[in-house]
Amino acid sequence: MISGKAKLAGVMGWPVQHSQSPRLHGYWLDQYGIDGAYVPLPVRPEDFESAFRALPKLGFSGVNITVPHKQTALELVDIVDPPAQQIGAVNTVAVSEDGNLIGYNTDGFGFLENLVQGSPDFNPTAGPAVVLGAGGAARAVVCSLIDAGVPDLRLVNRTRDRAEVLADSAHGPVNVYDFSSIDEALDGANLLVNTTALGMEGNPSLAIGLDALPVRALVNDIVYAPLQTELLKAAATRGNPVVDGLGMLLHQARAGFEKWFGVMPDVTDDLRAHILKGMNG
Ligand code: ATR
């Protein structure tokens, strides 16, 4: 039940009907008994600027931004939080008391929090990290690992130029490898993360050998459909600790929820089950 004083948030995207965010934030609003609402906001690209600028006038506390508006939102916000600038995209917006739009990117936070929850002993400073992919998701993962103090980040991408561009803009110890020298990249690694679309339902699976990867290395796939990708299955079979990708989606949402509704929510097994049910239904 919401009152006339309910706090408002939502997700702006086009299309937006497949977004799990209303289900996710709705779960937390119920769980914490908060007087608030989180709604889908389908906004066409040509309407984005006017709809976005109207948020303070409509009394919104903030929104999530999804495809295809994340880069446009970065250009339109009044204040940009440094990670959003670094990643080049805004996925979370808060409206300040004086009506300014503040742009954040919470993907890197979600990525790291997921690793910490799924593998409490993981220490990003303990050794090299191998990141597969150089797209938008890789950018967030790379920035967060550098901020966390990773000593050597080995970036592997099909298109080498794209990895070089990301490495140049990352301000950290990033070294670019080709898939043909993946064994060299995996040698001595402490973490392996797949940020490519490979392994996602409908895509080819990621065909890399893990022989060169130490068995103590943590393996994470940010693909979460399916939850157990071929990469995670192969890693678990040889004894590596593994963390699946659903948690990144759930943890990145916590930061926005706290800004809008004033409570930092938890990611629990029950929430995971609730979201998986939504995805499959
Ligand atoms: P996102 O924003 O979700 O990260 P993206 O920017 O389209 O998506 O990036 C997709 C990543 O998956 C890229 O690293 C891409 O490699 P390229 O830069 O070479 O395109 C990688 N990828 C997608 N399909 C691939 C394939 N068949 N083989 C290898 N890498 C692939």
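In strand β6, Gly103 is the bridge partner of Val80, and the pairing of β4 (residues 79–80) with β6 is parallel and runs over 2 bridges. Helices and strands are named here from DSSP runs (H or I of at least four residues for helices, E of at least two for strands) and numbered from the N terminus, while two strands count as paired if DSSP finds at least two bridges between them. The model is a predicted one, in which local features need pLDDT of at least 70 and side-chain atom pairs count only at pLDDT 80 or more, whereas totals for chains, interfaces and linings use all residues. Residues are numbered from 1 along each chain as its sequence is written, and side-chain values use heavy atoms, with hydrogens and water left out.

Strand β6 is also joined to β5 (residues 92–95), by 4 bridges and in the antiparallel sense, with Thr92 standing opposite Tyr104 of β6. The two strands β5 and β6 form a hairpin with 5 residues between them, and Gly99 in the turn has a positive phi of about 85°. In a regular strand the side chains alternate between the two faces of the sheet. In β6 (residues 101–104), Leu101 and Gly103 point one way and Ile102 and Tyr104 the other way, and all are buried; buried means under 20% relative accessible area, exposed means over 50%, and partly exposed lies in between, for a 1.4 Å probe and protein chains only.

## The six-stranded sheet

An open sheet is formed by 6 strands in the order β9-β8-β7-β10-β11-β12, and the pairing is parallel. Because β9 (174–177) and β12 (242–243) stand at the edges with a single partner strand each, one side of each is left without a neighbour in the sheet. Strands of a sheet pair through backbone hydrogen bonds, either parallel or antiparallel. Within this sheet, β7 (residues 129–132) and β10 (residues 191–194) run parallel and are joined by 4 bridges, and Leu132 has Asn194 of β10 as its bridge partner.

Helix α5 (residues 107–118) packs on the sheet, where it touches β10, β11 (218–221) and β12, and its direction makes about 130° with that of β11. Helix α7 lies across β8 (153–156) and β9, running at about 180° to β9. Axes are lines fitted to C-alpha atoms, for helices over the stretch in contact, and angles run from 0 to 180 degrees between N-to-C directions.

## Helices α6 and α7

Helix α6 (residues 136–147) packs with helix α7 (residues 160–169) at an angle of about 35°, and their axes are 11 Å apart. Ala138, Arg139 and Val142 of α6 make the contact with Val165, Leu166 and Ser169 of α7, where contact means heavy atoms within 4.5 Å. These residues divide into 4 nonpolar, 1 polar and 1 charged, in a scheme that counts Ala, Val, Leu, Ile, Met, Phe, Trp, Tyr, Cys and Pro as nonpolar, Asp, Glu, Lys and Arg as charged, and the others, Gly among them, as polar.

## Two buried residues in strands

Leu191 is found in strand β10 and is buried, with a relative accessible area of 1%. Leaving aside neighbours within four places in sequence, the residues in contact with Leu191 include Phe111, Leu115, Val130, Leu145 and Leu218. Ser61 lies in strand β3 (residues 60–65) and counts as buried at 18% relative accessibility. With neighbours within four places in sequence again left aside, Ser61 is in contact with Lys7, Leu8, Val93, Ala94, Val95 and Trp260.

## Salt bridges

The structure holds 7 salt bridges, a salt bridge being a side-chain nitrogen of Lys or Arg within 4 Å of a carboxyl oxygen of Asp or Glu. One of them joins the side chains of Arg53 and Glu49 at 3.1 Å, N to O. Arg53 and Glu49 are 4 residues apart in helix α2 (residues 48–53), and so they are separated by about one helical turn. Arg53 is partly exposed, with a relative accessible area of 40%, and Glu49 is partly exposed as well, at 41%.

The side chains of Asp152 and Arg154 also meet in a salt bridge (3.0 Å, N to O), and here both residues are buried. In the salt bridge between Lys233 and Glu230, the N to O distance is 3.4 Å. Lys233 and Glu230 lie 3 residues apart in helix α9 (residues 230–237), about one turn of the helix.
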